[in-house]
Number of protein chains: 2
Amino acid sequence: MAAFHDLLIRKLQDHSELGAADLAAIRRLPASERTLRPNEDIVRQGDKPNVSVVVVEGTVARYHTLPTGRRQYLSMHIAGDLPDAQALFIEIMDHSVGTIDQATVALVPHSALLALFEERTATGFAIWRETLIDAAIFREAITNNSARPLRTRLAHFCCEQYYRARAVGLAKPGSCRLPLTQTQLGEMLGASLASIARAMQGLRKTRSMDLQGGELFVNDWSRLTELGDFNPSYLHLRKPSRL
Amino acid sequence: MAAFHDLLIRKLQDHSELGAADLAAIRRLPASERTLRPNEDIVRQGDKPNVSVVVVEGTVARYHTLPTGRRQYLSMHIAGDLPDAQALFIEIMDHSVGTIDQATVALVPHSALLALFEERTATGFAIWRETLIDAAIFREAITNNSARPLRTRLAHFCCEQYYRARAVGLAKPGSCRLPLTQTQLGEMLGASLASIARAMQGLRKTRSMDLQGGELFVNDWSRLTELGDFNPSYLHLRKPSRL
DNA sequence: CGGAATGTTGATATGCCTCAACTAAAGTGG
DNA sequence: CCACTTTAGTTGAGGCATATCAACATTCCG
């Protein structure tokens with residue numbers, strides 16, 4: 001398993017230019033690792049964390065909890081992602097961060113990150129950029145959940161997960177991990193379990209993708225991007241994956 | 001009309017602590033002002049802008065354009081807002097920025113902003129924080145448009161606009177500008193014109209709010225926040241408005 | 001004053017929800 | 001290793017919220 005420093009560096013280099021001094025400074029970041037069970041919270045809505053999370057292994061999600069108890073997932077994160085970088089400058093968490101399957105995360109003290117930004121402005125800018133790409137993904141989620149019919153929405157979501165897994169080298173040829181239950185897909189896409197089940201069957205019938213046992217299989221990428229109205233430009237990667 | 005420097009400073013001070021040196025540095029920012037007609041684009045999806053926008057007067061929005069031509073509004077911005085700060089570190093625009101009504105904006109060269117961040121780290125952090133609050137508003141929009149019935153969604157949106165207008169001193173007692181047509185409200189909330197019309201009438205009947213002639217009237221704030229399931233904590237303001 | 005843009009209202013269609021029963025798969029303890 | 005329980009997914013019936021289409025009313029504005 002790659003050290004979290006390497007994961008973070010790889011992630012930042014997907015969109016930013018870093019010099020040797022930046023890389024060295026990042027490598028000096030202190031962190032403690034924790035492995036968590038499925039469906040365990042790392043940070044909760046209302047908390048004031050003083051560490052930031054880097055995903056090392058597994059899948060981590062952010063979500064809102066509504067007064068009714070209903071859960072709305074906001075984003076999914078895999079190795080190399082910083083699912084709560086924004087907590088650095090926003091004191092009180094407006095959402096929770098928790099695991100989906102078993103996951104290992106590195107916890108980096110905010111103080112170390114702030115010191116790093118003072119020392120290496122370029123690194124600060126790279127992580128700033130990372131949080132901005134995060135925001136671009138949120139924007140796309142607004143559009144996806146507001147303006148597309150359910151089957152398209154589901155296809156788009158799968159496209160994004162596969163594309164991002166490819167970008168960080170976490171996908172095998174034609175497949176990647178996606179350990180979400182249909183209930184959770186519903187909580188991500190604003191749909192009921194039953195509707196997700198039917199939308200999924202619709203997609204299966206196109207033979208462009210399948211999802212089973214927490215593994216997403218992509219058989220016809222070009223067809224799937226059509227079905228999902230997917231255009232990866234909002235992910236702002238420097239070297240778009242060849243798919 | 002306040003100079004854009006004052007608007008920006010006021011905005012940043014809503015959530016960040018700035019020293020005298022920071023204020024002075026911000027006041028030295030160069031900018032050119034432009035006044036635009038309603039429904040005019042400032043930056044378009046695909047552009048690579050080298051200036052950032054500060055809203056001086058009027059209402060400015062960000063939106064996606066789907067292949068079908070359908071428009072999805074992502075956010076609304078009023079005086080003091082930076083609707084495309086993220087373009088600083090994200091080269092290619094993944095969405096457009098345009099006016100709703102007649103608006104005046106200040107255009108600040110990216111180079112000047114980057115130089116400012118190098119010189120005054122605290123100012124950089126304040127604008128970073130600003131972009132993070134932006135992201136928090138996107139998250140809330142995901143939840144609003146995905147997990148709430150239409151009438152609640154509309155009430156929540158109106159709560160947010162009124163609350164933000166209050167926070168920057170742009171609201172009169174009991175009302176603020178909100179120059180959106182019902183068609184645009186639909187494109188914001190992922191709903192059709194007809195449904196917005198009916199949801200609006202439902203809200204009017206509660207006597208908690210009304211929207212007419214581009215002016216939002218709030219008659220019963222506490223009732224409206226209930227109807228809209230609105231909790232302002234996601235806006236991350238230091239001194240929550242007393243309403 | 002006439003034309004365009006905006007909002008209202010009704011009728012009908014439909015996508016998705018809810019509820020419910022059932023199947024299948026995955027853990028768990030004897 | 002099997003019976004039991006739990007969790008996940010499938011399928012059907014019926015209902016509701018919202019979409020679509022269309023006609024009309026209203027306001028804005030040149």
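What distance, taken over C-alpha atoms, separates the centres of domain 1 of chain A and domain 2 of chain A?

Analyst: The centres of domain 1 of chain A and domain 2 of chain A are 24 Å apart, taken over C-alpha atoms. This is a predicted model, in which local features need pLDDT of at least 70, side-chain atom pairs count only at pLDDT 80 or more, and totals for chains, interfaces and linings use all residues. Residues are numbered from 1 along each chain as its sequence is written, while chains are lettered from A and ligands numbered from 1 in the order in which they are written.

Start with the domains. Chain A is assigned domain 1 (4-138) and domain 2 (150-235), with bounds from an automatic or database domain assignment. Domain 1 of chain A puts 16 residues into the contact, and domain 2 of chain A puts in 15 residues. Contact here requires C-beta atoms, placed from the backbone, within 7 Å. On the domain 1 side, helix H1 (4-13), E5 and H4 of chain A each give two or more residues. Helices (H or I, at least four residues) and strands (E, at least two) are DSSP runs, numbered from the N terminus. E5(A) has the largest share of that side, with four residues. By class, the domain 1 side has eight nonpolar, three polar and five charged residues. Ala, Val, Leu, Ile, Met, Phe, Trp, Tyr, Cys and Pro count as nonpolar; Asp, Glu, Lys and Arg count as charged; the others, Gly among them, count as polar.

E5 and H4 of chain A also face chain B. In total, 36 residues of chain A contact 36 residues of chain B. Strand E5 (71-77) and helix H4 (121-147) of chain A each bring at least two residues to the chain A side. H4(A) gives the most, 18 residues. The chain A side holds 17 nonpolar, twelve polar and seven charged residues.

H4(A) meets its counterpart, helix H4 (residues 121-147) of chain B. Their axes come within 9 Å and cross at roughly 20°. H4(A) is therefore roughly parallel to H4(B). Axes are lines fitted to C-alpha atoms, for helices over the stretch in contact, and angles run from 0 to 180 degrees between N-to-C directions. Under 35 degrees counts as roughly parallel, over 145 as roughly antiparallel, 65 to 115 as roughly perpendicular, and the rest as oblique. The H4(A)-H4(B) crossing is left-handed. Residues that H4(A) brings to this contact include A:Trp128, A:Leu132, A:Phe138 and A:Ile142. Those from H4(B) include B:Trp128, B:Leu132, B:Phe138 and B:Ile142. The H4(A)-H4(B) contact counts twelve nonpolar, six polar and four charged residues.

Now look inside domain 2 of chain A, which spans 150-235. Helix H5 (residues 150-167) of chain A and H6(A) have axes that come within 11 Å and cross at roughly 100°. H5(A) is thus roughly perpendicular to H6(A). A:Arg153, A:Leu154 and A:Phe157 of H5(A) meet A:Leu185, A:Met188 and A:Leu189 of H6(A). The residues there are five nonpolar, no polar and one charged.

Helix H5 (residues 150-167) of chain B packs on H7(B) at an angle of about 75°, with the axes 9 Å apart. H5(B) is therefore roughly perpendicular to H7(B). Among the residues in this contact are B:Leu150 and B:Leu154 of H5(B), and B:Ser195 and B:Ile196 of H7(B). The contact holds seven nonpolar, two polar and one charged residues.

Finally, the DNA. DNA strand D has 16 residues around it, and A:Thr181, B:Leu150, B:Ser192, B:Ala194 and B:Ser195 come nearest. A residue is near a strand if its C-beta atom, placed from the backbone, lies within 6 Å of it. H7(A) gives the most to the surface near DNA strand D, six residues. That surface has eight nonpolar, seven polar and one charged residues.

DNA strand C is also surrounded by 16 residues, and A:Leu150, A:Ser192, A:Ser195, B:Thr181 and B:Gln182 are the closest. H7 of chain A, with helix H6 (182-189) and H7 of chain B, each supply at least two residues of the surface near DNA strand C. H7(B) has the largest share of it, six residues. The surface near DNA strand C divides into eight nonpolar, seven polar and one charged residues.

How values were computed:
Contact = placed C-beta atoms within 7 Å. Left-handed = near helix turned anticlockwise from the far one by under 90°.
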